[in-house]
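User: I have a two-chain model open and want to talk through it. Can you take my questions as they come?

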Amino acid sequence: MTGNEKVASCPVCEAPVLAGDIYCEACGHPMGAPTCASCGAGAVDAEGYCERCGLRQPTGRDHAETVLDNGAAAVTDRGLRRSRNEDAMALMASGDTIVAVVCDGVGSSPRADEASAVAVETAATALARGASQQEAFDLAGRAVAKLATSVYDAPACTYVAAVVEPDRITLGWAGDTRAYSLPDGGLLTEDDAIETGEITAWLGADAEGVTLHVRTFTPHAPGLLLVCSDGLWRYLDGYAFPSAGTPLEMAREMLRHALDSGGQDNVTIALIPLGEARE
Amino acid sequence: MSDQPAFTLNIDQNKYLPLDGREVHAILTVGSTGGVTTQVVSSEAAEVIIVDTSGSMSGGKIREARQAAATAVRTLRDGVLFAVIAGTEKAGMVYPGGSPRLVKATAATKAEAERAIGRLLAHGGTAIGEWLNLAGHMLAAHPSAIKHALLMTDGQNNESDDVFSSVLAGWSGRFVVDSLGVGDDWVPAELRKVADAMLGTFDFVRNQTDLSEYFRRLTQTSMSKTVAELSLRVWVPQTARLKFVKQVSPTLLDLTGKRADVNPLTGDYPTGSWGAEEREYHVCVEVPPGQIGQEIRAGWVKLVRPDTGDVVASGNVLAQWTDDLAQSTRINGKVAHYTGQAELHELIQDGLSARAVGDVDTATARLARARELAAETGREDTARLLEKVVEVDPATGTARLRRNVDKADEIELDTGSVRTSRLRKEGF
């Protein structure tokens with residue numbers, strides 16, 4: 001090092017460091033780490049915490065949007081009250097079939113975000129290659145169960161999957177993630193839950209005797225299939241669904257409604273055009 | 001290396017804070033397991049045995065002390081470096097003779113040491129700082145060893161507070177001292193200072209005939225240590241403040257003032273040497289105000305070997321703000337348990353100090369509350385000792401100090417109050 005090099009300060013301990021230094025000589029902090037979303041220090045470590053202010057950093061899951069060629073769209077958001085998004089979603093096209101899967105991590109279980117992510121990924125992949133609802137659900141259930149180290153350390157999530165073909169829709173679900181038909185707002189699923197709201201079915205190593213509900217029907221009128229987590233549907237009482245705009249714009253508007261209503265939980269919304277609305 | 005113990009660090013806490021919540025409490029359980037056998041010794045061990053031979057030790061006491069020191073020597077594992085010191089107003093070498101140094105324990109050196117111990121006589125004053133100075137100098141010649149001293153005294157230290165305190169500060173964290181008080185003429189506060197500074201224990205030997213057994217047990221425990229030094233390395237965010245770091249089990253030991261800065265956000269707290277054992281620490285961090293849903297790492301704790309910088313275990317203390325009262329008001333059982341134990345210790349210490357200076361009202365209030373708390377938390381031994389100091393009228397609830405308190409009972413209450421009970425498993 002020569003005396004002419006530009007001097008900066010370490011983002012963690014503020015000791016002077018020279019341009020080109022790989023580590024801070026005072027505290028050993030590696031230079032060039034990602035920047036913290038809260039305090040701005042270049043000090044985010046591999047575990048996702050800022051080494052200066054401690055903030056757990058937002059991840060790509062905090063807000064994500066997906067849009068397919070036919071207009072089908074999905075958004076997921078952390079909401080306002082949770083530190084991370086434990087909902088997960090998949091929206092994909094396979095030929096003229098659209099597959100949507102939404103899972104909501106059970107908040108009282110450990111690593112619920114991993115449970116929903118692996119369930120969605122496993123089930124959506126299976127459904128897209130033509131697997132039955134039951135087969136996809138079983139695969140997802142086994143994948144989630146594998147995350148557990150014991151029944152006392154069992155990540156868990158709820159589940160809803162929609163397979164939308166030109167003349168047929170099949171829904172499969174367990175737990176309290178839901179599907180609705182729009183514009184009428186008719187509920188297409190029945191929650192596995194008791195009166196006080198606790199769910200009675202979920203995917204996870206500690207789930208016992210959970211059976212998948214399957215429903216198959218033909219759409220009669222143009223409209224949209226809404227698949228969502230409770231972060232949206234808890235705020236649907238008296239809500240008038242948006243009636244104009246693209247599915248993505250409508251999904252964003254519904255998300256805004258959930259956040260404006262308190263955003264207590266993670267929110268996931270998928271909208272799939274049905275009948276003549278399909279292009 | 002396979003002969004090194006594996007360390008585990010578990011963190012018990014409720015991470016949820018109310019919106020105005022600033023204090024994060026966590027109990028760290030550090031366990032050293034597996035791989036440790038007494039046959040496989042990875043570090044050199046060094047032991048100095050210090051026997052008070054001041055005038056007050058004359059008669060039966062010096063005979064028991066000789067016996068105890070001999071037992072300690074016999075308990076030494078062959079190959080361990082050792083020396084025996086006789087303490088008066090000076091520190092004198094008992095074994096080996098001549099210049100201060102440690103020698104290897106063999107059948108022959110142990111036999112010679114026992115013969116030298118057999119010739120010890122009681123005379124002169126008491127200067128515990130002098131004794132520790134000599135022990136420290138001999139141990140410092142073996143930097144990589146697990147360094148330990150065993151100290152026995154029956155009397156009051158004649159050194160000035162300043163001298164004693166500066167000796168303790170100078171050697172603090174550089175070797176571990178376990179001390180024993182014998183009889184009822186010693187001052188628990190002095191040995192408490194030794195234990196606090198030297199990361200050791202101190203205990204009351206009520207019957208001098210039990211002294212040998214105490215020496216044997218402490219020497220054996222010291223011989224089972226296989227890792228010389230470990231530090232708790234604690235990081236807190238720049239905007240937070242580390243309020244305290246305390247060992248809470250098996251005994252209470254405040255480490256807060258023993259911090260060595262690693263960098264502005266990180267400090268090392270010494271924990272001494274380790275064998276196969278489990279200890280618990282209580283960490284309290286004051287964090288800046290946060291927003292609903294925000295999660296921060298309020299503390300990042302690592303167990304490190306200061307000699308190599310190796311991290312042997314680590315964990316996160318987390319904080320997350322919520323407006324859900326059910327979440328934020330849930331109290332972690334372990335945190336509550338050790339907070340109660342610390343409160344009991346403080347009540348007893350405050351009560352005994354107040355009693356010593358004649359502040360009867362304060363002493364009565366503190367000791368009566370301590371008795372209540374001891375009974376509530378299942379500390380039956382402590383409750384029984386407290387009953388010997390303070391009595392409560394069962395009909396009126398009125399407490400009063402007992403007039404004639406056995407000195408030994410008081411010392412036992414005083415010394416015993418640093419020991420904590422473990423939380424029973426079903427309490428989780």
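User: What share of the contacts in chain A between residues at least 6 apart join residues at least 24 apart in sequence?
Analyst: The share is 58%. Contact means heavy atoms within 4.5 Å.

User: Before I go on, what am I looking at, and how is it numbered?
Analyst: This is a predicted model, where local features need pLDDT of at least 70, side-chain atom pairs count only at pLDDT 80 or more, and totals for chains, interfaces and linings use all residues. Residues are numbered from 1 along each chain as its sequence is written, chains are lettered from A and ligands numbered from 1 in the order written, and side-chain values use heavy atoms, with hydrogens and water left out.

User: How many helices and strands in chain A?
Analyst: Chain A has four helices and 15 strands. Both are DSSP runs numbered from the N terminus: helices are H or I with at least four residues, strands are E with at least two. The C-alpha trace of chain A spans about 80 × 45 × 40 Å along its principal axes.

User: How much of chain A is buried?
Analyst: Buried residues are 52% of its 279 residues. Buried is under 20% relative accessible area, exposed is over 50%, and partly exposed is in between (1.4 Å probe, protein chains only).

User: And the surface of chain A, what does it come to?
Analyst: Chain A exposes about 12700 Å², and carbon and sulfur atoms supply 50% of that. The areas come from the Shrake-Rupley method with a 1.4 Å probe; for residues, only the protein chains shown count as cover.

User: What about charges in chain A?
Analyst: There are 19 positive and 40 negative side chains in chain A. The centres of the two sets lie 1 Å apart. Lys and Arg count as positive, Asp and Glu as negative; His and the chain ends are not counted. Each charge is placed at NZ of Lys, CZ of Arg, CG of Asp or CD of Glu.

User: Pick a loop residue in chain A. Where is A:Ala193?
Analyst: A:Ala193 sits in the loop between strand E11 (186–187) and strand E12 (203–204). Its relative accessibility is 32%, so A:Ala193 counts as partly exposed. Leaving out residues up to four places away in sequence, A:Ala193 touches A:Glu198, A:Ile199 and A:Thr200. A:Pro11 is 182 residues from A:Ala193 along the chain, and their C-alpha atoms are 49 Å apart.

User: On to the interface. How many residues of each chain are in contact?
Analyst: 18 residues of chain B contact 20 residues of chain A. The two chains bury about 1500 Å² between them, 46% of it on carbon and sulfur atoms. Buried area is the accessible area (1.4 Å probe) that two parts lose on being put together, summed over both.

User: Which three residues supply more than any other three on the chain B side?
Analyst: B:Gln238, B:Glu295 and B:Arg297 supply 33% of the area that chain B buries against chain A.

User: How many salt bridges between the chains?
Analyst: Four salt bridges. The rule is a side-chain nitrogen of Lys or Arg within 4 Å of a carboxyl oxygen of Asp or Glu. B:Glu295 pairs with A:Arg56, with closest N and O atoms 3.3 Å apart. Over all chains the count is 43.

User: Show me some within chain B. What does B:Arg217 pair with?
Analyst: B:Arg217 forms a salt bridge with B:Glu213 at 4.0 Å, N to O. These two are four residues apart in helix H6 (residues 211–223), so about one helical turn separates them. B:Arg217 is partly exposed at 41% relative accessibility. B:Glu213 is partly exposed too, at 34%.

User: And B:Lys388, what is its partner?
Analyst: B:Asp409, at 3.5 Å, N to O. B:Lys388 is in the loop between helix H10 (380–387) and strand E19 (390–392) and B:Asp409 is in helix H11 (residues 407–416), so the pair ties together parts 21 residues apart in sequence.

User: Are those two ends buried or partly exposed?
Analyst: B:Lys388 is partly exposed at 32%. B:Asp409 is buried at 7%.

User: Last topic: B:Ile128. Which helix is it in?
Analyst: B:Ile128 lies in helix H3 (residues 128–140) of chain B. With 1% relative accessibility, B:Ile128 counts as buried. Residues that B:Ile128 touches include B:Leu151, B:Phe164 and B:Leu191.
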